[in-house]
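Okay, thanks for coming, everyone.

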Amino acid sequence: YRLSRDGDALVATSQIESGLKITKRYQQGNNSNVVDVVVQFENRSDQAIRDLWVGVSAILDGEAGRYENVNRPFALVAEDVERVDDIPELEGPHYERFSGQMDWFGMSDKYFMSVLVPLDDANGEWIVDDLADGRVTSAIRMAQTLDSGASRELRFLTYIGPKDLDQLKEVGHNLDQSIEFGIFGMFSRILLALLKFYEGLA
């Protein structure tokens, strides 16, 4: 990618690979943990391009459980928080896929997360797959093909920061559901509210 500035925005423009040009525009949102992202695909080839995707990636390995503090792909799909723990299962042609209404997707450990919130109807599925360079991606794969000569623009809100219930509720988009309280969820929420109340008195 070639990086440039456009006012207070950072623009990343890809080289044209197989006729596809990708332009990403990053701009600070109205919250210190939020970045507004616009991704534009341009098909400069003479044939349709399929399987376009947008996501985040990181170098991950090994197996993990839900309660271990390790970075793993996760998403809110069809009103359920989905998480992929066993990275070795993604080797070769294997990958994970989830269909349904996608509120957000990205990477997370117990305390911090980096997620993308689709602001447009991307009409796709959440996939978790290993890339050729050793990274693992958590991405939305679009169902529509991009015709020759066509372009498509997708808008995202990106949240990068702590799993702080108050901050996440302020940002919205059901990001507060990323905090999993377990089987004692209601009790845990009441206890957390009491702790915050007494912290405010100190």
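So, look at Tyr1, Leu3, Leu10 and Tyr26: together they make a nonpolar patch on the surface, with about 410 Å² of accessible area. A patch here takes residues with over 30% relative accessible area and no salt bridge; like charges are joined within 9 Å, and nonpolar side chains (Val, Leu, Ile, Met, Phe, Trp, Tyr) within 5 Å. Areas are Shrake-Rupley with a 1.4 Å probe, and for residues only the protein chains shown count as cover. Leu3 sits in strand β1 and counts as exposed, at 59% relative accessibility. For those labels, buried is under 20% relative accessible area, exposed is over 50%, and partly exposed is in between, with a 1.4 Å probe and protein chains only.

Quick housekeeping. This is a predicted model, where local features need pLDDT of at least 70 and side-chain atom pairs count only at pLDDT 80 or more, while totals for chains, interfaces and linings use all residues. Residues are numbered from 1 along each chain as its sequence is written, and side-chain values use heavy atoms, with hydrogens and water left out.

Now the overall picture. The protein has two helices and 13 strands; those are DSSP runs, helices being H or I with at least four residues and strands being E with at least two, numbered from the N terminus. Of the 202 residues, 41% are buried. The accessible surface comes to about 11700 Å², and carbon and sulfur atoms account for 49% of that.

Which strands make up the open sheet? There are nine, in the order β1-β2-β3-β4-β13-β10-β9-β6-β7, and the pairing is antiparallel. At the edges you find β1 (2-6) and β7 (80-83), each pairing on one side only. From one strand to the next, the twist averages 20 degrees. Axes are lines fitted to C-alpha atoms, for helices over the stretch in contact, and angles run from 0 to 180 degrees between N-to-C directions. Two strands pair if DSSP finds at least two bridges between them; β10 (residues 112-118) and β13 (residues 151-162) run antiparallel and are joined by seven. In that pair, Val117 stands opposite Leu157 of β13.

Val35 touches Tyr26, Gln27, Gly29, Phe156, Leu157 and Thr158, leaving out residues up to four places away in sequence; contact means heavy atoms within 4.5 Å. Val35 and Ile160 are 125 residues apart in sequence, yet 8.1 Å apart in space, C-alpha to C-alpha. Val35 is partly exposed, at 22%.

Last stop, charges. How many salt bridges turn up in the whole structure? Eight, counting a side-chain nitrogen of Lys or Arg within 4 Å of a carboxyl oxygen of Asp or Glu. One of them pairs Arg50 with Asp51, at 3.0 Å, N to O; Arg50 is exposed at 58%, and Asp51 is partly exposed at 34%.

Arg97 also bridges to Glu125, with the closest N and O atoms 3.0 Å apart. Arg97 is in strand β8 (residues 96-98) and Glu125 in strand β11 (residues 124-130), so this pair ties together parts 28 residues apart in sequence. Arg97 is partly exposed at 48%, whereas Glu125 is buried at 10%. Shared partners link Arg97, Glu125 and Arg141 into one salt-bridge network.
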